[in-house]
Amino acid sequence: MALLRVFVRLTHGAVVAPYTAAMSYVVTENCIRCKYQDCVEVCPVDCFHEGPHMLVIDPDECIDCSLCEPECPANAIAAEDDLPAGQRHFAGLNRELAMRWPVITAQGPAPADADQWKDVPGKLQWITAAPD
Ligand code: SF4
Ligand code: SF4
């Protein structure tokens, strides 16, 4: 996978310095209870995992292609290096939950009340209280 990531970066002209394989894209708090799943359809390597209230990205599978970021209606996806200060803990949370939740490869229906939860702050409790 690391070789693929280097290849994609090189062919997109994004690499100007020796590439480190540490970064990935991260799903943040805005996804919780929204889970529109538009991101799933565009991911070329199926690295989204689905929990009951949000999706997460497996950082070991993500090739940093950035295709998912503009697709998210909730603006919930960010590159790890660009995470806002209050969202940085989601990098570790994505890694942890991706190991526990199953891969999702096709977009399903969003929750009926998804729009009511969009941009609502303080939603992490829905994950920490019921992680699986
Ligand atoms: S599109 Fe955004 S809100 Fe919807 S599941 Fe993906 S990350 Fe979550
Ligand atoms: S950046 Fe690309 S590989 Fe990573 S989760 Fe988004 S669509 Fe998938």
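Colleague: In which helix is Ala98 found?

Modeller: Ala98 is found in helix α3. Please bear in mind throughout that this is a predicted model.

Colleague: Why is Ala98 called buried?

Modeller: The term applies to a residue with 20 or more other C-beta atoms within 10 Å of its own. Ala98 has 24 other C-beta atoms within 10 Å, and is therefore buried.

Colleague: Which residues is Ala98 in contact with, leaving aside neighbours within four places in sequence?

Modeller: Ala98 is in contact with His49, Val56, Ile57 and Asp58.

Colleague: Which residues of α3 are buried?

Modeller: The buried residues of α3 are Phe90, Ala91, Leu93, Asn94, Leu97 and Ala98.

Colleague: What makes you place these residues on the same side of α3?

Modeller: They cover an arc of only 165 degrees around the axis, and therefore lie on the same side of α3. As a general point, an α-helix has 3.6 residues a turn, so residues three or four places apart point the same way. On the other side of α3, Gly92 and Glu96 are exposed.

Colleague: What covers the buried residues of α3?

Modeller: The covering elements include β1, β2 (48-50) and β3.

Colleague: Which residues touch the most other members of the largest nonpolar core?

Modeller: In this core of 31 residues, Val27 and Ile57 touch the most other members. Two or more core residues come from each of β1 (25-27), α2 (38-42), β3 (55-57), β4 (77-79) and α3 (89-98). Helix α3 gives the largest share, five residues. In soluble globular proteins generally, nonpolar side chains tend to be buried together.

Colleague: Which residues does Ile57 touch, not counting those up to four places away in sequence?

Modeller: Ile57 touches Ser24, Tyr25, Val26, Val27, Cys47, Phe48, Cys62, Asn94 and Ala98.

Colleague: Where does Cys34 lie, and why is Cys34 called buried?

Modeller: Cys34 lies in the loop between β1 and α2. The cut-off is 20 or more other C-beta atoms within 10 Å; Cys34 has 26 such neighbours, and therefore counts as buried. Apart from neighbours within four places in sequence, Cys34 is in contact with Ala74, Ala114, Trp117 and Lys118. Cys34 and Asp119 are 85 residues apart in sequence, with their C-alpha atoms 9.2 Å apart in space.

Colleague: Is Arg33 buried or exposed, and what is its phi?

Modeller: Arg33, in the loop between β1 and α2, has 21 C-beta neighbours inside 10 Å and therefore counts as buried. Its phi is near 65 degrees, a positive value in a residue other than glycine. In general, most residues other than glycine have a negative phi.

Colleague: Why is Asp64 called partly exposed?

Modeller: A residue is exposed with 12 or fewer such neighbours, buried with 20 or more, and partly exposed in between. Asp64 has 19 C-beta neighbours inside 10 Å, and therefore counts as partly exposed. Asp64 lies in the loop between β3 and β4, and has a positive phi of about 60 degrees although it is not a glycine.

Colleague: Which residues come nearest to each ligand?

Modeller: Around ligand 1 there are 13 residues, the closest being Cys31, Tyr36, Cys39, Cys72 and Ala74. This shell divides into ten nonpolar, one polar and two charged residues. Ligand 2 also has 13 residues around it, of which Tyr25, Cys43, Cys62, Cys65 and Cys68 come nearest. The shell of ligand 2 divides into eleven nonpolar, one polar and one charged.

Colleague: How many helices and strands does the protein chain have?

Modeller: The protein chain has five helices and four strands, in the pattern α-β-α-β-β-β-α-α-α along the sequence. Of its 132 residues, 32% are buried. Among contacts between residues at least 6 apart in sequence, 79% join residues at least 24 apart.

Colleague: What pLDDT does the protein chain average, and where is the pLDDT below 50?

Modeller: The average pLDDT is 85, and 80% of the residues score at least 70. Over residues 1-20 the pLDDT is below 50; this stretch has 15 contacts in the model beyond near neighbours in sequence. Where pLDDT is low, the predicted coordinates should not be read in detail.

Notes. Residues numbered from 1 in each chain as written. Chains lettered and ligands numbered in written order. Near = placed C-beta within 6 Å. Nonpolar A, V, L, I, M, F, W, Y, C, P; charged D, E, K, R; others polar. Core = buried A, V, L, I, M, F, W, Y, C linked by C-beta atoms within 7 Å. Contact = placed C-beta atoms within 7 Å. pLDDT = per-residue confidence, 0-100. Arc of directions from axis to C-beta.
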